[in-house]
Amino acid sequence: MNGLVPLAKGETMTAEIGLLLLIISLTLCLLTAMSPFMPACGVKLWLKPYQPLFIRLNSLAQMASLFILTYLFLCDDFSVAYVANNSNTQLASLYKIAAVWGGHEGSMLFWVAVMGSWSCVISLKHGKSPFFHFLHAVLGAIQAGLIAFLLIGSNPFARLLPGIPVEGRDLNPILQDIGLILHPPLLFIGYVGLAVCFAAAIAALLDSSQPLKQHCKQMRPWAVLAWAMLTGGNAFGSWWAYNELGWGGWWFWDPVENASFIPWLVATALMHSLILGERRDRFHGTSLFLAILGFSLCLLGTFLVRSGVVQSVHAFAADPLRGGAMLTLFALVSICGFTLLLQRLPSLYRPVNSNMLSRESLMQLGNLILLVAAISILLGSCYPLLYEVASGQSISVGAPYFNSLFIPLTWLICLLMGAAPLMRWQISNPGILRQLTVLAAICLLISVTLNALLLTEFAAHFLLGSFSCLWLLGCTGLYLHKRLAAFTGAGDNRRYYAMCFAHLGVALSILGATCSSYFQQEELLRMGPGQGKELAGYTFIYRATETVSHTSYNALQAKIEVRDRREQHLAYLYPQRQTFNSNAMQISAAGIHRSLFADLYISMGNRLSDEEFLIRISYKPLIGWIWIGGLIMMFAGLSQLLPRKMCQESRAPSPQLAVKGA
Amino acid sequence: MMKGSWILLLVVTLVTLLGPTRAQAPTETHGNPQWRTPAQLKHQAIEIAAGLRCPMSANQSLQDSQSPIANELKAEIYLQLEQGKTSDEIVDFMVARYGERIRYMPSLSAGTALLFFAPLCLLALAIFWYLRQAGSAASFNTSQEDRS
């Protein structure tokens, strides 16, 4: 196809090879998807033994295709439309690599390639039972759907011929940040993890040769990895918005944020449900439901984000044409999944045999509340859209609504999260209940006192936040105390410690969120050289306005000196207003002085006169703990996945475990 | 005692769930504006601005937005507060000027009832399931004990 047009210097067929590999991969995916079903259709085409081969070749083809796209970015091949739209010769090499997933087409390719590799890893690690055949088939089908979508509607290798631009349009300036390198890959790996769980759920429903417990046990590490990655993805996303968007917020309940947060909530419930199922051989139906729901919601979220039907501050690669394809995929996946689940539902039933205050009952209630939170947030995100379609008028649903919904639900979840580990399996534990009541009274007392001392008025959200945090810390402490007292040196304790750390991470995040929103101090003022302002004991002195040039942007920056409470020099902060060379887009970058206990955050607004700018100074106590908590959660999850040589043999029942002969 | 503590828990939950919606209402509707210190005024202005949507930007509150109209409206809010208007009156003023779209907390109406009641119903459903399961567990356990 290139032969018709004279090749420019250095131009090759590389992009076409990438496209070809993608087409090969589509074929391999379809073969993988069909292989377990072929004999059943009466066709004498035994593809089944070749399935592992297809999977490996497929993974290779996809990885090669992804590397080719990366290569095209690195050598600035602007004849490829995707490269021309998302890169520039002046872009730093690291961002050229990150730009591969910086736009719609590339990010879908990245998603597919990760899914192929994950499938390949599973096929290398595990045997050839029917369960795995079905699992790979489902994953193959999903990949085939995504690749077909790529090839038909959004080919990343499409050429701009014959009018090859000399210079690329730049990567969206907002994306030129360390956040782009970390946030999307983590999120996509998390989404793929949920896709793998979905495939496993479908496979578990299709394959009745083994007990469900066995299948759900297989799913657990994948769910934990998916959860850890989604945790990291959300945490980095929020951190990125905090640094970059210039308003000092870290979570805005924007539809795009919600699109990745809802799957996280479902993944959290799924992970806990799988743990329950493994220990109690119950609740498999819930786990399968959550696995199917989790991936469906990923697709729905992708639809919301990519189609541009919702208005977002993080508008990313929005195009209405893409919406239809994602919506179709979502409908297919959810209809198939839920129909299959409904069909098998009667066989999933297990009699209930546990007390209301047993560990499993509380965990199950917690999972249900997580689910309620996820569905409510989804409803809130979609409501303006639905309302507009139904009535033609537009409304907004934003932070005040979501906060008044999510904070009480979080409080409930924290209550259960703190108490559940202290309870016994199956039966209630009256002794611990008394201790917990005392602990709850103490927490309530402390949080009411804090409210009365620190705030001028009654603040329900503050009470809920501080109570949740204290309660979680108290319960986790109590749990660790009991566990260490009963420590015998035997058994696999790592899981329990990982759980403690993850719950501690939640407590720290809540602490950070509560403190930073209630004790933040803020000034919005006009400032010019020589002017100063005192805030929270710190003195901020505007020293000078400077111009800075960078390879990709020119910036005006304010040099602001910060002095601490004793009038000692603390730091210079440089908030900037960057103007990008490529597209003249203006963005602001905050100047932040981070410390463990408080961040000083300055952002630079519009120019008000020759000398003066609108400057926003904020003092944000403990805000960093939000992300420290997130990181702790993520690493607690990842620590579960390390090879466990020493703890393989003994999953000794914990001292508290009392199994009634049922 | 256990039953009692759980009922207490439920009551507290419901109260806290409903509490914030009431907390959205201004706390000093009857207050004389002279009583409010400048710091309180500023705090209240920020609170109002954070709950309103900037008419210009994609999806940002007035407080966060840096567009000229947002700055103008922030000044307007402050001015009206100084004149002694309440939060509700200011929000109503903004809604009259820019439509329902400007507020991030939609008002309760027939069209938005689902938005407010669906989460409550779902939560009630979850708790109902939990209580029912506990009931059936109790009967299961007694029947087990009967058999043994």
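Student: In which sense, left-handed or right-handed, does α14(A) pass α15(A)?

Tutor: A crossing is called left-handed if the near helix is turned anticlockwise from the far one by less than a right angle, and right-handed if clockwise; here α14(A) passes α15(A) in a right-handed crossing. This is a predicted model, in which local features need pLDDT of at least 70, side-chain atom pairs count only at pLDDT 80 or more, and totals for chains, interfaces and linings use all residues. Residues are numbered from 1 along each chain as its sequence is written, while chains are lettered from A and ligands numbered from 1 in the order in which they are written.

Student: At what angle do the axes of α14 and α15 of chain A cross?

Tutor: Two packed helices are described by the angle between their axes and the distance between the axes. For α14 (residues 430-454) and α15 (residues 460-485) of chain A, the axes cross at roughly 140° and come within 9 Å, where axes are lines fitted to C-alpha atoms, for helices over the stretch in contact, and angles run from 0 to 180 degrees between N-to-C directions. Helices (H or I, at least four residues) and strands (E, at least two) are DSSP runs, numbered from the N terminus.

Student: Which strands form the open sheet, and in what order?

Tutor: Strands of a sheet pair through backbone hydrogen bonds, either parallel or antiparallel. In chain A, four strands in the order β1-β10-β9-β8 form an open sheet with antiparallel pairing, two strands being paired if DSSP finds at least two bridges between them. β1 (521-527) and β8 (591-593) of chain A each have a single partner strand at the edges, so one side of each lacks a neighbour in the sheet. Between β8(A) and β9 (residues 598-607) of chain A there are three bridges, and Y601(A) in β9(A) is the bridge partner of I592(A).
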